[in-house]
Amino acid sequence: MTTTVLKTDPSHIDEKVILSASAALKAGELVAIPTETVYGLAANALDAHAVEKIFIAKGRPQDNPLIVHIADPAGLSLCAAEVPESALRLAKAFWPGPLTMILKKTERIPGIVSAGLPSVALRMPSHPVAAAVIHAAGLPLAAPSANLSGSPSPTSAAHVFDDLNGRIGLIIDGGDCGVGVESTVVTLCGDTPRVLRPGGITPEQLAAVLGGIEIDPAVTKPLAKGARAASPGMKYRHYAPRTRVVIVHGSLAEFAALLKSRRASGERCAALCFEGEEALVGRPALAYGIAGDAASQARKLFGALRAVDALGAETVYARCPPREGVGLAVYNRLLRAAAFQEIAL
Ligand code: TXA
Ligand code: MG
């Protein structure tokens, strides 16, 4: 299959590009689209055959459910069997934006979308191109991140092309994603709202609207053997380069000393550090964002993880992000890339 890339500036949308995307989606084809979080691989959520193509193109396990993207909060009552007051409050506060809510699903959503679960994940993206495509198609769109399963999520059209060239027909290039990590996933199916995946909307922001919230232990801890994942996506090794990644807790000076001693002992190691630290920690080194600025780290993390293998190291030691606010999402993704390997200095 030939993969076409069509470009549009998000602030001056090219209607011809949107029309091509919506025509392909209405015809049951896949289209990669930019969102404010990461690029998504979209299909008509109401067409099980179209949705099946997503799993094939990504090599995604069939038991990992997809997020349904809607153009309007009114889509909530079309896709969810019950819309609790908490969902309306969250939609009012954070939609359009990087928040996904899990609610009881309606019959309208095919079982393949929710991987057989009785719930459905819903999100209304704020990216102008994503919003325009959903509007033009007039359909809810199932869309996981547009990467090959297991590799870092794509934050540019070039990342999508690297993973899916020849596997999908169309990529819409709307530039780099602003948030850089995927949406916050919160389930409203239990007694207390629970964050299953941290993201662009922070637990502090959710708590300010909802009062009590819980954070699923799987956000920062590996699942116990035999335990069932509340969010099936959390159980897979994710975002991982081929190079071994190890997270390092400690000061910049301690980090630099660790790299120095490992290199002296003959280990081929590289550093994943913050901007401006490369000279101090020694090369090869790659920066992901600014120290203490979680939003900039979120924007740069996946691109850096994609570039790690080119450093030719056996191990890459990564500076630990702050774990508050959006930093919790950065830490959660880095933990999975590191298969939970951490060192405290
Ligand atoms: O920002 C995002 O959320 C991006 C953009 C494209 O919107 N999408 C995204 O989708 O990250 P994906 O498929 O890569 O991640 C969806 C996550 C997975 O961990 C999945 O297991 C979980 O949401 N999920 C989806 N439906 C669920 C459900 N019914 N119950 C529990 N978890 C669910
Ligand atoms: Mg994903």
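Analyst: Contact here means heavy atoms within 4.5 Å. Helices (DSSP runs of H or I, at least four residues) and strands (runs of E, at least two) are numbered from the N terminus. This is a predicted model, in which local features need pLDDT of at least 70, side-chain atom pairs count only at pLDDT 80 or more, and totals for chains, interfaces and linings use all residues. Residues are numbered from 1 along each chain as its sequence is written, and side-chain values use heavy atoms, with hydrogens and water left out.

The part examined is helix 10, residues 294-307. Its 14 residues reach 20 Å from the first C-alpha to the last, close to the 20 Å expected at 1.5 Å a residue; the expected span is 1.5 Å times one less than the number of residues.

Which residues of helix 10 are buried? They are Ala294, Ser296, Gln297, Ala298, Leu301, Phe302, Ala304 and Leu305, where buried means under 20% relative accessible area, exposed over 50%, and partly exposed in between (1.4 Å probe, protein chains only). These buried residues pack against strand 13 (269-273), strand 14 (285-287) and helix 11 (327-337).

With a relative accessible area of 0%, Val330 is buried. Not counting residues up to four places away in sequence, Val330 touches Ala294, Gln297, Ala298 and Leu301, and also Tyr288 and Pro321.

The setting is a protein of 11 helices and 16 strands. Its radius of gyration, taken over C-alpha atoms, is 20 Å, which agrees with the value near 20 Å for a compact globule of 345 residues; the globule rule is 2.2 Å times the number of residues to the power 0.38. The C-alpha trace spans about 60 × 50 × 40 Å along its principal axes. Buried residues make up 55% of the 345 residues. Of the contacts with a separation of 6 or more, 68% join residues 24 or more positions apart.

The structure holds 0 disulfides, a disulfide being a pair of cysteine sulfur atoms within 2.5 Å. The sulfur of Cys79 is 14 Å from the closest cysteine sulfur, in Cys189, and therefore too far for a bond.

Technical notes:
Chains are lettered from A and ligands numbered from 1 in the order in which they are written.
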